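I opened my notebook to look up a few things in this structure. I wanted the overall picture before the details.

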Amino acid sequence: MSETFYEVQEKKTDKELYDYQQGAIQQIFEKFETEREDYHLLYQLPTGGGKTVIFSEIVRQYLKHHQKKVLVMTHRIELCNQTAAMLSSFGVVNKVVNSKANLEDQEKYSCFVAMVETLNNRLQDDKLDISDVGLVIVDEAHYNSFTKLFKYFENSFLLGVTATPLSSNKDLPMKDNYDALIPGESIENLIENEFLARAEQYHYDMGLTSLEVGSNGDYTVKSSTDLYTSPAMLNKLLEAYNKHAKNKKTLIFNNGIETSIQVYHTFANAGLPIMHLDNTATKKQRQQILKWFHETPNAILTSVSILTTGFDEPTIEAIILNRATKSLTLYYQMIGRGSRILNQKSRFTVVDLGNNFYRFGPWGADLDWEAIFKSPNYYLDRIKDDETIESTFKHDLSEEVRASFANSEDTFFDVKEVYEEVTYAGESSKKVLERSIAQHAHICIENSEDVYDAIALAKLLKEDIDNRIQVYAKCISKSTHNFLSWLKLDYQKKLNAYLRENFDRVFEDIHGHPPED
């Protein structure tokens with residue numbers, strides 16, 4: 001066999017490796033030299049840290065010093081092409097093994113780049129010779145789809161690279177497929193050394209207990225769509241954008257195509273520059289949309305899951321998580337899309353509308369990846385569920401509504417605390433709603449000159465009423481959709497009736513004199 005198969009060309013890029021990247025390469029090669037030939041090593045580095053650059057240099061050095069071939073596996077065609085281009089820039093002649101690839105000339109190549117499903121088909125059909133592959137690199141190694149191919153490489157050193165070495169499937173922990181983990185630089189270190197932008201994070205207290213978890217361990221598209229396409233949630237999203245991301249290039253992540261389409265219409269109707277992208281778009285449509293997004297300074301792009309990996313747009317200034325997820329990996333992937341440094345950009349905005357901040361902590365928190373790798377279930381079991389998260393929320397009026405109640409020193413009503421007082425006293429739970437209505441009426445009258453003003457103010461309390469009813473329903477363990485709907489309507493009627501019947505009395509109690517005629 002001719003040794004020309006293993007020649008490496010001159011590097012075509014002037015990209016210099018940073019110290020932490022060179023250090024990682026040194027650590028990885030030490031494992032090459034000291035561990036068995038079929039060792040499985042996992043390397044972790046945050047999104048934006050340059051994993052592809054690192055393993056491209058590893059491939060270049062490996063081929064110069066080892067008379068064996070290299071195979072790089074990816075899970076998406078975009079990553080396949082990007083990886084092939086990066087390898088070429090490092091002087092590594094490579095062949096992309098896709099569904100249309102002609103493998104008759106495979107002996108001319110020392111490096112192959114393949115998408116996992118295509119590779120699986122080619123290996124099952126015995127179309128690709130892997131007998132001389134000494135090094136296998138698995139990009140985005142946290143995906144479980146790769147593991148079915150490991151049986152083909154029992155005599156190869158396997159290097160997995162990922163930003164988050166945590167499997168989403170508790171039954172398939174990564175420690176079962178990898179012998180050891182090398183953790184790379186932390187997000188905070190990369191920020192401090194100006195390799196990544198710092199995130200300014202804003203999070204909202206969201207009522208998500210209506211969401212359902214599917215067989216994949218994450219929230220279902222249907223339950224997410226039902227919640228996030230409601231007028232209240234779409235309005236909250238628009239308000240959050242206007243407050244934190246106005247005129248910034250913004251990427252919005254949703255769980256489900258229908259949600260993203262509704263987001264598009266909501267923003268378009270508000271006169272904002274927005275486009276929608278999902279996996280049903282043709283290659284040409286996708287290119288046109290991403291070109292528009294790149295070239296338009298204040299562009300907004302609403303999408304589903306396709307831009308979480310293999311998408312690099314450093315001009316992004318704001319990320320909005322218009323969804324909840326139980327996946328730490330997805331949480332980091334979504335936010336990581338905004339972390340690229342560019343010119344004067346050293347910060348970017350993150351708006352969380354899915355309680356993800358409470359579930360996983362702030363992006364860039366100092367996670368012990370080695371501990372998570374070794375004991376994933378210990379970490380996963382400590383993630384709070386929605387009910388626990390929401391039990392700590394203090395629901396009060398939004399800033400916009402609060403402005404109409406400027407005369408009130410305190411507008412908060414603790415439903416849970418009052419429920420405990422009422423039940424301890426042996427009274428009916430209905431007393432909670434009666435006291436809540438009285439408190440709502442009080443703040444309406446406190447900020448009104450007559451009963452008509454008070455009733456108008458009561459209409460502004462819809463969201464606060466909804467929040468109180470949700471907490472009350474949990475207290476009495478009764479939360480069917482029909483029951484909640486009836487309870488909210490009944491509450492509003494009783495509040496209006498209370499205002500009509502008691503306005504004069506309460507007004508005089510507050511002001512010391514009756515209302516003027």
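**Whole chain**
I noted at the start that this is a predicted model. I looked up the secondary structure and found 20 helices and 13 strands in the chain. Next I checked the extent of the C-alpha trace. Along its principal axes it spans about 105 × 50 × 40 Å. I also looked up burial: of the 517 residues in the chain, 51% are buried.

**Strand β12**
I turned to β12, which holds residues 318–321. Which strands pair with β12? I found β9 (residues 250–253), parallel to β12 over 4 bridges. I also found β13 (residues 347–352), again parallel to β12 and with 4 bridges.
I then followed I320 of β12. In β9, I252 stands opposite I320. In β13, the bridge partner of I320 is V351.
Are the faces of β12 covered or open? I checked both, and both are covered. A318 and I320 are buried on one side. I319 and L321 are buried on the other.

**A charged patch**
Last, I went to the surface. Which residues gather in a patch of negative charge there? I listed E107, D125, D126 and D129. E107 is in the loop between β3 (95–97) and β4 (111–115). Why does E107 count as exposed? Its relative accessibility is 54%, and the cut-off for exposed is over 50%, so E107 counts as exposed.

Terms used. Residues are numbered from 1 along each chain as its sequence is written. This is a predicted model: local features need pLDDT of at least 70, side-chain atom pairs count only at pLDDT 80 or more; totals for chains, interfaces and linings use all residues. Side-chain values use heavy atoms; hydrogens and water are left out. Patches are made of residues with over 30% relative accessible area and no salt bridge: like charges are joined within 9 Å, nonpolar side chains (Val, Leu, Ile, Met, Phe, Trp, Tyr) within 5 Å. Accessible areas come from the Shrake-Rupley method with a 1.4 Å probe; for residues, only the protein chains shown count as cover. A salt bridge is a side-chain nitrogen of Lys or Arg within 4 Å of a carboxyl oxygen of Asp or Glu. Lys and Arg count as positive and Asp and Glu as negative; His and the chain ends are not counted. The place of a charge is taken as NZ of Lys, CZ of Arg, CG of Asp or CD of Glu. Helices (H or I, at least four residues) and strands (E, at least two) are DSSP runs, numbered from the N terminus. Buried means under 20% relative accessible area, exposed over 50%, partly exposed in between (1.4 Å probe, protein chains only). Two strands pair if DSSP finds at least two bridges between them.
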